[in-house]
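Here is a short note on the structure below. Please read the points with the model open.

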Amino acid sequence: MASSYILNGAETLTFSKGRAPIGLAFKGPSLNGICLPMIGSISVTGGSIRAKTLVPRCSLSSSRPASQPRFIQHKKEAFWFYRFLSIVYDHVINPGHWTEDMRDEALEPADLYDPRLKVVDVGGGTGFTTLGIIKHIHPKNVTILDQSPHQLEKAKQKEELKECTIIEGDAEDLPFPTDSVDRYISAGSIEYWPDPQRGIKEAYRVLKLGGLACIIGPVYPTFWLSRFFADMWMLFPKEEEYIEWFKKAGFKDVKLKRIGPKWYRGVRRHGLIMGCSVTGVKRESGDSPLQLGPIAEDVSKPVNPFTFALRFILGTIAATYYVLVPIYMWIKDQIVPKGQPI
Ligand SMILES: C[S@@+](CC[C@H](N)C(=O)[O-])C[C@H]1O[C@@H](n2cnc3c(N)ncnc32)[C@H](O)[C@@H]1O
């Protein structure tokens with residue numbers, strides 16, 4: 001299985017137009033969950049498998065119905081989720097899913113190697129990814145945006161981020177002018193956006209000509225139980241979905257790099273909360289060529305408190321499963337002899 005090659009995010013999949021060489025064509029789902037043949041060539045480079053060509057197999061899973069519950073994939077639910085999670089976020093969530101090593105590897109394709117670049121970190125939360133960004137970029141040139149004041153409060157407390165601009169805002173409606181930033185970074189946030197395509201369209205809009213967007217996010221599990229909890233919790237996109245969203249928004253040179261905690265030994269069947277880093281370049285100035293209707297979620301609309309509470313509790317239970325998965329994988333990594341698959 002392709003996933004068994006995936007170690008420490010060492011692969012980059014480049015999706016380009018043209019006929020797939022024999023043996024490289026793969027089946028991918030369309031966004032409405034129907035499996036369609038995808039035409040494209042895929043080259044894989046990097047790390048210990050540099051010379052190996054891999055064949056992603058339709059995210060290695062059956063098609064996913066478009067109507068999964070995804071109890072925390074709404075702005076209001078995400079707001080309340082982070083109201084509480086922000087208290088322990090840096091200590092409990094990141095160590096299992098999003099380590100400093102992974103962060104640096106995921107940010108590498110974002111080409112942050114000029115301190116003068118103007119960078120936005122969308123869904124920047126407590127500033128964990130921003131700490132990786134400011135290793136290269138002067139903090140004065142970095143803006144952190146998040147819809148959760150509670151997460152941002154944690155970022156504000158970090159001495160290293162004192163010179164960054166920190167603002168509340170919505171990833172699907174960015175408060176930045178068109179063609180205004182050099183780099184758009186967003187890590188671990190897309191899974192909460194009710195309309196990810198809209199968020200990626202916004203990424204395109206705010207970037208300057210030649211600017212680069214880098215979205216780091218989850219990947220969909222293939223193991224049945226993990227799939228069940230993933231669908232209950234939030235959006236775990238498939239790799240093909242990321243690529244399609246980027247391309248539809250107008251991005252060129254779209255690439256996907258697989259990442260994952262070292263102790264998973266490349267296992268992806270449970271899905272990963274931080275499973276890939278997708279990049280694309282803006283080659284034409286102005287707004288995205290993609291036209292979308294009005295924003296789907298009206299956050300000012302009153303909600304039924306009972307329904308809201310029930311969704312919230314079920315979503316939180318599903319999220320708890322994903323706190324346990326990395327612990328389970330870590331124990332397996334300790335027990336199974338090195339070099340053997342887990
Ligand atoms: C898993 S945290 C990631 C935080 C940070 N990027 C990191 O790497 O640790 C997801 C963040 O996305 C934010 N978020 C969710 N939906 C959002 C939206 N529509 N607009 C802006 N931020 C959003 C949440 O408030 C939360 O802080």
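1. α1 is the main helical contributor to the ligand site: it gives the most to the shell around the ligand, with 3 residues. Helices here are DSSP runs of H or I with at least four residues, strands are runs of E with at least two, and both are numbered from the N terminus.

2. Some ground rules. This is a predicted model: local features need pLDDT of at least 70, side-chain atom pairs count only at pLDDT 80 or more, and totals for chains, interfaces and linings use all residues. Residues are numbered from 1 along each chain as its sequence is written.

3. Back to the ligand. α1 (75-97) and α3 (128-133) each supply at least two residues of the shell. Of the 22 residues around the ligand, Gly123, Gly125, Phe128, Ser148 and Ser189 come nearest. A residue counts as near if its C-beta atom, placed from the backbone, lies within 6 Å of the molecule.

4. The protein chain has 8 helices and 11 strands. Of its 342 residues, 45% count as buried (20 or more other C-beta atoms within 10 Å of the residue's own, C-beta atoms being placed from the backbone).

5. Look at α7 (residues 239-249). Here 9 of the 11 residues are buried, so the helix is largely enclosed by the rest of the structure. Among the buried ones are Glu239, Glu240, Glu241, Tyr242 and Trp245. Gly250 follows α7, with a positive phi near 115°.

Technical notes. Buried ≥ 20, exposed ≤ 12 C-beta atoms within 10 Å, placed from the backbone.
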